[in-house]
Amino acid sequence: MSSVIFIDYDDLCDGVESCGSENNVCRVSRGFPEIFPSVNQYTTHQTTTKNVLYCLPGLMSLEGLKKDTCLLVSPFRYPSHKTLGINDLQRPRLRLPVNKQCCDNMYGETYVFMSCSGVCKNSKCPLSSTPKLSLCRDQLPQSFVGTYAHDTTGNPYLSYVARSRNSYHSDFFVCENSRRCIPYSKVCDLVDDCGDFADEAACTNHFQCTNQMHLIPKPHKCDGIFHCLDFSDECNDQCSKQLLDGSLLKLVALVYGILAVLLNLTNIWRCIIKIPKCENFRTLSNKVWVLLISCGDSLIGVYLLVVSGMDFYYGDRFCTLQASWRTGHLCSFLGVICTSGSFISMFSMTF
């Protein structure tokens with residue numbers, strides 16, 4: 001029987017391997033969030049309790065293990081209208097965090113319940129329309145029924161209610177333009193389920209690529225990896241990159257390049273003139289080694305000058321054109337020059 005090891009929370013994910021696979025588990029748990037469109041659910045014959053992931057034990061949220069971080073709130077009601085003729089309309093109870101949370105990493109039911117319960121910091125509720133039978137009739141199967149209801153002002157309407165086992169529920173998002181009603185698990189899940197992005201328009205948990213109707217999780221923006229085909233998740237005002245980032249680096253590369261080329265070319269010319277005048281082998285060998293070092297350093301100078309020039313040429317366009325630059329002949333040629341120059345200089349100085 002294998003022994004069980006217990007460690008303190010302070011020793012968890014601290015970079016020191018304590019449990020055999022701790023670092024691997026921590027790396028996965030701290031990576032980009034998985035998209036969970038549904039919440040954990042516990043159902044009895046009378047009520048349904050739904051727990052958001054934040055309130056479940058586990059590595060994804062150690063705060064959920066502490067007391068008084070989550071509370072069981074009253075049944076979730078949207079809309080808050082009374083439905084007539086159905087006495088067992090199911091309203092789920094929610095276990096939500098006590099304090100407001102950032103909902104940028106939440107999706108589907110979790111996002112809807114959190115934002116519409118006022119627990120999100122900067123995310124508003126995406127639900128705006130009442131699920132009426134007139135808006136959802138095109139997808140009406142036998143398990144769905146219409147029942148009379150009235151809103152807070154007393155105006156009657158025919159509601160859209162689904163039957164689940166021995167109870168009914170009306171947890172639907174209304175796609176008004178396409179006249180469809182979809183479950184909460186398909187709202188704010190990065191997928192256009194309505195056909196016009198109505199189920200994603202009010203959500204704050206995504207980044208929309210500029211030149212295409214493509215949504216990616218918000219943490220994928222500026223993460224160093226291209227997720228949008230138009231590169232807009234990495235090439236924008238917040239994280240766009242140039243060939244040389246920073247004014248100081250640009251200035252240093254330009255000045256060092258100019259000085260390296262001019263001074264080393266001058267030294268090469270002097271060595272070429274003095275080599276024929278050498279009177280012994282020792283003097284000749286010294287001049288040859290100095291000549292080789294100057295040649296290597298001048299190649300490094302050429303490399304810096306060309307990179308500075310290409311940085312000026314590309315400017316802010318480099319972020320979107322970097323793939324063509326990295327695979328181009330000029331970049332490969334510069335790599336050969338830089339490597340050759342470094343090798344010649346180091347080889348000459350070792351003798």
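Helices (H or I, at least four residues) and strands (E, at least two) are DSSP runs, numbered from the N terminus. The model is predicted: local features need pLDDT of at least 70, side-chain atom pairs count only at pLDDT 80 or more, and totals for chains, interfaces and linings use all residues. Residues are numbered from 1 along each chain as its sequence is written, and side-chain values use heavy atoms, with hydrogens and water left out.

**View 1. Gly301 sits in helix α5 (residues 281–314).** Gly301 has a relative accessible area of 0%, so this glycine is buried (buried is under 20% relative accessible area, exposed over 50%, partly exposed in between; 1.4 Å probe, protein chains only). Leaving aside residues up to four places away in sequence, Gly301 touches Gly257, Ala260 and Val261 (contact: heavy atoms within 4.5 Å). Gly341 is 40 residues from Gly301 in sequence, and their C-alpha atoms are 9.1 Å apart.

**View 2. Seven residues make a nonpolar surface patch of about 700 Å²: Leu248, Leu251, Val252, Val255, Tyr256, Leu259 and Leu263.** Patch residues have over 30% relative accessible area and no salt bridge; like charges are joined within 9 Å, nonpolar side chains (Val, Leu, Ile, Met, Phe, Trp, Tyr) within 5 Å. Areas come from the Shrake-Rupley method with a 1.4 Å probe; for residues, only the protein chains shown count as cover. Val255 lies in helix α4 (residues 247–274). Val255 is partly exposed, at 34% relative accessible area.

**View 3. Asp311 and Lys250 form a salt bridge, 2.7 Å from N to O.** The link spans 61 residues, from Asp311 in helix α5 to Lys250 in helix α4. A salt bridge needs a side-chain nitrogen of Lys or Arg within 4 Å of a carboxyl oxygen of Asp or Glu. The count by this rule is two. Asp311 is buried at 8% relative accessible area, whereas Lys250 is partly exposed at 24%.

**View 4. Asp104 and Lys218 form a salt bridge, 3.7 Å from N to O.** Asp104 lies in the loop between β5 (93–97) and α2 (108–116) and Lys218 in the loop between β12 (215–217) and α4, so the pair ties together parts 114 residues apart in sequence. Lys218 is partly exposed, with 34% relative accessibility.

**View 5. Strand β5 pairs with β2 (residues 48–51) in the parallel sense, over three bridges.** Two strands pair if DSSP finds at least two bridges between them. Lys50 stands opposite Leu94 of β5. Strand β3 (residues 70–73) runs antiparallel to β5, joined by four bridges. Here Leu71 has Leu96 in β5 as its bridge partner.

**View 6. Cys235 and Cys319 form a disulfide, with sulfur atoms 1.9 Å apart.** Cys235 is in the loop between β12 and α4 and Cys319 in helix α6 (residues 318–326), so the pair ties together parts 84 residues apart in sequence. A disulfide is a pair of cysteine sulfur atoms within 2.5 Å. The whole structure holds seven disulfides. The S-S torsion of Cys235 and Cys319 is about -85 degrees, so the link is left-handed. Both Cys235 and Cys319 are buried.

**View 7. Cys271 is in no disulfide; the nearest cysteine sulfur, that of Cys295, is 8.5 Å away.** Cys271 is buried, at 4% relative accessible area. Cys295 is in no disulfide either. Cys295 counts as partly exposed, at 26% relative accessibility.
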